[in-house]
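Dear colleague,

Please find the structure below, followed by an account of what was found in it.

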Amino acid sequence: MRVKQLSAFLENRPGRLLYLLNILAEAGINLIAHNIVDASDFGIVHLLVDEPEKALQVIRDAGLVCSLTEVLQVAIPDEPGAFVKRVLEPLAKAGVNIEYSYAYSAPSSKEARIVLKVDDLELGERTLQGALGGDAIEG
Amino acid sequence: MIWNPERETMSRSELEALQLELLREQVAWAYENVPFYRQAFRARGLVPKDIRSLEDLQKIPFTRKSDFRDNYPFGLLAVPRREVIRIHASSGTTGKPTVVAYTREDLETWKEVCARNLVAAGITDEDTVQIAMGYGLFTGGLGWHYAAEHIGAAVVPTSSGHTKRQIMLIQDFETTVFCCTPSYAIYLAEQAEEMGVDLRETKLRIGIHGAEPWSEGMRKEIARRLGVDPIDTYGLSEVMGPGVSGECTYHSGLHINEDHFLVEIIDPQTEEPLPYGEQGELVITTLTKKALPLLRYRTGDITRLDPAPCACGRTMMRMERVSGRTDDMLIVRGVNVFPSQIETVLLQVEGVQPHYVIIVDRERGALDDLEIWVEVSEDIFSDDIGRLRDLQRQAEFEIREMLGISARVKLVEPHSIERSMGKSKRVIDRRDVY
């Protein structure tokens, strides 16, 4: 359930995301999901990749600022209410705060995958394991 | 008209005799009352009576802005505190301001020298003078204020800002003279046009400007858009404030009040004096100051001198409009800004020494824009955008607290400053003013 996510700092102007993702493409690293949080003149790009450690190295070598953050990744059925009932309600009840989150669809399956950055990783993980049981995926 | 013809039209030989007499008094005053000067003289084996001619001035060591910081706040004063009746301050090279103090006699002198500049600009007791220079610790507002009253003009002490109100008062009070920084004059014109007010149709006729660098192009633009004769003035708080020199209506340089300020031009590298007409750093020795006598003060301002009499009848030497600085001091919206101050704030906020560059820009018709680009390093990077924004806002807040003017802090990628600006440049001044 815990996965390592990359966070990179980029200036908010044309061509910067291209520059970042090109570094990964050239290193043969596969991008699984990404999300951008922006604050007008700069942004942070969150990336899930198949080889996070290697990705961190190549991004830093290219002169960008990048770090690895542990986040939670869960799989839930792609149906109405699943996210609310299986993820949000249990976390809220346990008092776990979500700092940011994004979702993507797993290839050829009927499930959605959710990435969550939470303030209490241990508690968040335990809570979701309890709520999701066998649905929680390994990162 | 000439405010003090006896002094302002003296022959050079009479003036030099007066300067020598005053110089000897001022040197003795500084030596006897300021430990800083006594030590500096002793270190050179110098005593006041060694100063027998104006050339002997060169024996005296220089005073620098850093000496104000080292003697903060009152170490350079030559009088007991009870004789001080006014204290002003401007920003210093680091956190502590540069403090200047005045006795009653100093304020009289200040009023006199500023009055001469105002009269040389063509101002009379018929004028209404709106002073939009900052009142407060900054010397600009109060310096011109008392001088304008002294010559009998009606003073409207608006201080800086509140531009719409400034424009309304120019119309309603029939203001004839507007006193402000050159960049504010352009901003005023811009705002007036937006309000549908044509300043050329008001009673405005003279602009008194100074406190920041400007160009001939800006002078022409102010003349055209405000319908005024823009007058350049020069001063610095360490020496007095406004009143060191000012243009007459012939616009052929700024007449220096030489019976109060003895000037030299030196090569800032070799520190050797340069002849008239050569460009170099202006060095000022005060001749009549009581609270804060200054001997050979390095202004950091680049100019040249012309001792030839002027068509206006004044014999007081003229200096060219200041064409630059010898150090990295910036003047932004009339406020002195040193990169070292910004560095101090960033170090405090970020906890590490970041790579940064200071960018000053002046968009057409707008006030100076101060922007600080800070490279995001691994040390300050956070995956949480809120934390980065907080850093940004805190740095902006601290800079405003320290300088009194707002700046925009921009976070940029590592190495981007070097890439776009070239190596080790800390200041990019995009204003086309020198």
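In helix α7 of chain B, residues B:Thr163, B:Lys164, B:Gln166 and B:Ile167 meet B:Tyr187, B:Leu188, B:Gln191 and B:Ala192 of α8(B); contact requires C-beta atoms, placed from the backbone, within 7 Å. Helices here are DSSP runs of H or I of at least four residues, and strands are E runs of at least two, numbered from the N terminus. Helices α7(B) (residues 163-172) and α8(B) (residues 182-194) pack at about 80°, their axes 10 Å apart; axes are lines fitted to C-alpha atoms over the stretch in contact, and angles run from 0 to 180 degrees between N-to-C directions. The two helices are therefore roughly perpendicular (65 to 115 degrees).

The model is predicted: local features need pLDDT of at least 70, side-chain atom pairs count only at pLDDT 80 or more, and totals for chains, interfaces and linings use all residues. Residues are numbered from 1 along each chain as its sequence is written, with chains lettered from A and ligands numbered from 1 in the order written.

Chain A averages a pLDDT (the predictor's confidence in each residue, from 0 to 100) of 89, and 93% of its residues score at least 70. Within chain A, strand β6 (residues 111-118) has the lowest mean, 85, and helix α2 (residues 52-61) the highest, 95.

The contact between the chains takes 15 residues from chain A and 16 from chain B. On the chain B side, α11 (385-403) and β20 (408-412) are the elements that give two or more residues.

Notes. Two residues are in contact if their C-beta atoms, placed from the backbone, lie within 7 Å. Angles under 35 degrees count as roughly parallel, over 145 as roughly antiparallel, 65 to 115 as roughly perpendicular and the rest as oblique.
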